[in-house]
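Visitor: I would like a close look at a single part of this protein. Please keep it brisk.

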Amino acid sequence: MPANYAVKQSGMKKQIPLSLVRETIKQLLVDGYPMMEQVARELGVSSRTLQRRLTGAGFTYTQIVQQVRLVRACELLASPEKPISSVAAKTGFSSPSSLSRAFHSWTGITPREFRGRVVLS
């Protein structure tokens, strides 16, 4: 199975690209951390099937969610008028400090430092 496809239903030969999995997660982030069951339901598969397909493509569900959160946070932080609290909420974090800890662990810098670098460039 090509790596850019996460879900393949054998009966219908329906493939769902990883980009669709990521987009579904991105849409669900505004309501908090998206559970795998929610994403699977949106994609029309069971959570176990989604997990198997992601594993087959070399990813875990947590890795995909973290990737989506990081990319979305970077997009939102590029707009200096958006408060960090708004960025945290739109990326599924319960607080700005939770976003800051996760962002620092992913990038080695804080969201404020990232924003400063983006604005200066």
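Which side chain does a polar contact of 3.1 Å join to the side chain of Ser95? And what surrounds that spot?

Guide: Keep in mind that this is a predicted model. The partner is Ser97: a polar contact of 3.1 Å links its side chain to that of Ser95. Ser95 has another polar contact, with the side chain of Ser98, also given as 3.1 Å.

Now place Ser95 in the chain. Ser95 sits in the loop between helix H5 (84–90) and helix H6 (96–107).

Follow the chain into H6. This helix packs with helix H4, which covers residues 61–77. Their axes are 11 Å apart, at an angle of about 105 degrees. Angles of 65 to 115 degrees count as roughly perpendicular, so H4 and H6 are roughly perpendicular to each other.

Which residues meet there? H4 brings Gln66, Arg69, Leu70, Ala73, Cys74 and Leu77. H6 answers with Leu99, Phe103, Trp106 and Thr107. By type, the residues of this contact are 7 nonpolar, 2 polar and 1 charged.

One more loop is worth a stop. Gly44 lies between helix H2 (36–43) and helix H3 (47–56). Is Gly44 buried or exposed? Its relative accessible area is 52%. Exposed means over 50%, so Gly44 is exposed. Ile16 is 28 residues away from Gly44 along the chain.

Methods: Residues are numbered from 1 along each chain as its sequence is written. This is a predicted model: local features need pLDDT of at least 70, side-chain atom pairs count only at pLDDT 80 or more; totals for chains, interfaces and linings use all residues. Side-chain values use heavy atoms; hydrogens and water are left out. Helices (H or I, at least four residues) and strands (E, at least two) are DSSP runs, numbered from the N terminus. Buried means under 20% relative accessible area, exposed over 50%, partly exposed in between (1.4 Å probe, protein chains only). A polar contact is a pair of N or O atoms within 3.5 Å; within protein, one must be able to donate a hydrogen and the other to accept it, and residues adjacent in sequence count only if both atoms are side-chain atoms. Axes are lines fitted to C-alpha atoms, for helices over the stretch in contact, and angles run from 0 to 180 degrees between N-to-C directions. Angles under 35 degrees count as roughly parallel, over 145 as roughly antiparallel, 65 to 115 as roughly perpendicular and the rest as oblique. Contact means heavy atoms within 4.5 Å. Ala, Val, Leu, Ile, Met, Phe, Trp, Tyr, Cys and Pro count as nonpolar, Asp, Glu, Lys and Arg as charged, and the others, Gly among them, as polar.
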